[in-house]
Amino acid sequence: MPSGIIVIDKPADWTSMDVCAKLRRLLGERRIGHAGTLDPMATGVLPVFVGRATRAVEFAESGEKEYLATLRLGVTTDTQDTTGAVLSTAPVVCTGADLEAVLPQFRGEIQQIPPMYSALKVNGQKLCTLARKGRTVERQPRTITIFALEVVEQVGGAEYALRVRCSKGTYIRTLCHDIGQALGCGGVMASLRRTEAAGFTLAQAVTLEEVAQAAEEGRAEALLRPVDSLFQMYPSVQVDGRREALCRNGNPFPFDGAEGRCRVYGSDGTFLMLGQCQNGEMRTVKSFFPVETGAN
């Protein structure tokens, strides 16, 4: 059965779940999940996990992400992007220099109030469901981190391309809205393209059309990256004999190595697990070695 990570360049007007449904048909594998939801209007890097590799999704979602966004000044909408209903318009008298001047307040660790049009739940109900009914509820601000925020270029009279590198949970459209508020004229997100997620970049991404062509030619599995490619930031170690047997059975084993997380490989080079070494003992964080058909 296919197992691995395929990095998709998500097209506009597709949901992230639409992409997963398409890949289930193309790859013939029901166990498929994605890391880091992209709104339908957004394009770009969407890491998709196939087969046993779905066990790694939890590790991909928390990583840094990078985007190219278009900020349109002089307008606000109910969705904080150009797909929503216009709430207000205002003349744009600020300059590029004015925009640069407000950006520092949005860098680093900041508080952000999630938008109503989001999948977050309040009292068991999705905010977007409430928003579509015309309801607005109080949302608590969340702490996020903006690692990098810069103006790439002015793409129109009132539009600017921004590069944003941020933590999990950041809403780029809310960032655009908040920048517009700081400038006094309002702002929305006019476009969004994710250029990096979970350590994967656009250079590594393939389109759904390319996957479909590869599936037709019987080579779709060749597009899958090994699951350990997600953990390249950790050192690798190799075990054999009794230690490998203990590892494959989910048991801790003595290990004289540097403390911290590492990639653990078996004697034949098989990626066994993401491990944690502490006080001379190696424990399983998550195992990834092949198992018998039908097992998880």
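This is a predicted model: local features need pLDDT of at least 70, side-chain atom pairs count only at pLDDT 80 or more; totals for chains, interfaces and linings use all residues.
Visitor: Why do the buried residues of α6 line one face of the helix?

Guide: Let's begin with the residues themselves: in helix α6 (residues 208-216), L208, V211 and A214 are buried. Looking down the axis of α6, they line one face because they fall within an arc of 120 degrees.

Visitor: Which exposed residues does the face of α6 turned away from its buried side carry?

Guide: The buried side is covered by elements including β1 (4-10) and α1 (16-27). Exposed here means over 50% relative accessible area. On the face turned away from that buried side, the exposed residues are E209 and E216.

Visitor: Which residue in β12 is the bridge partner of T43?

Guide: T43 belongs to strand β3 (residues 43-50), where eight of eight residues are buried. β3 runs antiparallel to β1, with seven bridges, and antiparallel to β2, with three. With strand β12 (residues 187-197), β3 pairs in the parallel sense over two bridges. There, the bridge partner of T43 is R193.

Visitor: Which residues have the most contacts inside the largest nonpolar core?

Guide: That core has 45 residues, and its largest share, five residues, comes from helix α5 (residues 172-183). Leaving aside neighbours within four places in sequence, I179 is in contact with residues including L71, L99 and F106. The residues with the most contacts inside the core are L23 and I179.

Terms used: Residues are numbered from 1 along each chain as its sequence is written. Side-chain values use heavy atoms; hydrogens and water are left out. A nonpolar core is a set of buried Ala, Val, Leu, Ile, Met, Phe, Trp, Tyr and Cys residues joined through side-chain atoms within 4.5 Å. Buried means under 20% relative accessible area, exposed over 50%, partly exposed in between (1.4 Å probe, protein chains only). Helices (H or I, at least four residues) and strands (E, at least two) are DSSP runs, numbered from the N terminus. Contact means heavy atoms within 4.5 Å. The arc is that of the directions from the helix axis to the C-beta atoms. Two strands pair if DSSP finds at least two bridges between them.
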